[in-house]
Amino acid sequence: MGKKLSASEIDGVQYRRAKLWQIILYACNAFVGMTVYSLIGMASYAASIGFGIGTAAIGVILTGTRILDGVTDPMLAFLYDKVNTKYGKIRILLIVGFVIEAVALLCMYDWAAGKGLGTVAFVLFYVIYVIGYTIVNMTAQTIPSLMTNDPRQRPTLGVWVTALNYMVPMVLTIVLNVVMLPKFGGTYNQEFLSAACKLCLLLAAVGVALVCIGVSEYDKPENFKGLTKEREPLKVKDMLEVMKGNRPLQCYIISAASDKIAQVTASQAVIVTLLNGIIIGNMGISTILTVIGMLPSILFAIGGAKYAGKYGNMETIVTWTKICIAISVIMCGFFVIINPKDIAKMGVMTIIYVVFTLCKNGANMCITTANTAFMSDLIDYELDRSGRYVPAVVTGTYSFLDKLISSCGAAIAAGAVALVGYKTTVPQPGDASTPAIFWLTMFLTFGLPIIGWICTLVAMKFCKLNKAEMVEVQKRIAAKKEALKKEA
């Protein structure tokens, strides 16, 4: 049996590869992102209990800051471009961003809470948090392309990120709601919010430290240079040119954003209640699926990473998108031909439903893994196309449009339930299931995602950044870098 060839030997490109421990430490960014995500999920309680803000006003504040979050993403590109020190930029930006968001969150949940400061103070703290969060989150998104350009290894980063992104919030939810909450009287009071904030930020600080250690070998000034001798400061027109000239990025935005708006809409609590609490008649179903689905989802992610390493990230997105469409069509038909209430009886119908759901979630996980790696491909494509290394421009442009579009998900869900009679109330488990509720839920749960996936397939028809093209991109980048060295 002959020796197994590496990707570098097969493609004729000297790829850079990260060590496994570096990949794992980078994936520990989940301790930063997911702990803060879990904490910010209680922002409405912090606003109400700590600052005396009404429920309606809280909804407006959180929606407005979501849009602000999207606006600040491309703005980070200018900061990212300007930070150039002998210690690099990644670690500096991660630490500075974390300090900013940590101070803001401590003010929201502890230091300034209960002082009668009111709405203006809460909004100010939340805006500061968004700025810090954006610096941390967007900087972290530029790390994978820096660590490796090996097409077989890039999807592996997505597997570790996916695994920790699943496990961290699940464990933290148990700790917060099962262990800590009863010790504070079983209600979301100020003492509990303060303790939860300190625990989450402690874990996040550990995550920042681990990520900084993992990226230290790559966080060097020479790794942030472009392929031209001249280095002009980043301008707004440069960002617009990236959006205009990078066709694969345009395709990716259409693909990912169309999927995201369907995902955000279907995951809204009111839609989950329609499906599980009214049509199936058992809200516990969703909780059970979340718990038993973690391991299979990770296994799917591993399989998806191997597939992406062999066939390329774009092809992986296309293949598993087709599988998602097929599964969703079958599941919708399944609901039509059976009595959905039978799923709650924990019998054969339950098993069939669980199997379908796990397969759909697993296929989605493969798409997510490939999407993570594909973003790194887009960064390298832009470097080859324009000669500039502008990872924050690529990730920031996508993130801005993604958040802007996906922020409509809550509005779609709210408007949809109003159409079936919930104009002054919200759906509650045990409400009567009507044909209107059934078909609306089928459309939002299965139909809207199918439309998003069809958009993905159409967009990818115009994207030529397949595995073969990425090999050529890496060859051209390597040749240009070599030419620069000879000219120096």
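Predicted model: local features only at pLDDT ≥ 70, side-chain atom pairs only at ≥ 80, totals over all residues.
Residues are numbered from 1 along each chain as its sequence is written, and side-chain values use heavy atoms, with hydrogens and water left out. Local features need pLDDT of at least 70 and side-chain atom pairs count only at pLDDT 80 or more, whereas totals for chains, interfaces and linings use all residues.

Begin by selecting helix α17 (residues 348–386) and helix α20 (residues 435–461), which pack at an angle of about 35 degrees with their axes 14 Å apart; helices here are DSSP runs of H or I, at least four residues long, numbered from the N terminus, and axes are lines fitted to C-alpha atoms over the stretch in contact, with angles from 0 to 180 degrees between N-to-C directions. Next show the side chains of Lys360, Asn364, Ile367 and Phe374 in α17, which meet Thr445, Phe446, Trp453 and Met460 in α20, contact meaning heavy atoms within 4.5 Å.

Now select Asp219 and Arg91, which form a salt bridge whose closest N and O atoms are 2.9 Å apart (a side-chain nitrogen of Lys or Arg within 4 Å of a carboxyl oxygen of Asp or Glu). Asp219 lies in the loop between α10 (190–215) and α11 (236–245), while Arg91, 128 residues apart from it, belongs to helix α6 (residues 90–111). The whole structure holds 14 salt bridges.

Finally, go to helix α5, where Val71 is found, and from which the largest share of the nonpolar patch, three residues, comes.

Conventions. Helix = DSSP H or I, 4+ residues; strand = E, 2+ residues; numbered from the N terminus.
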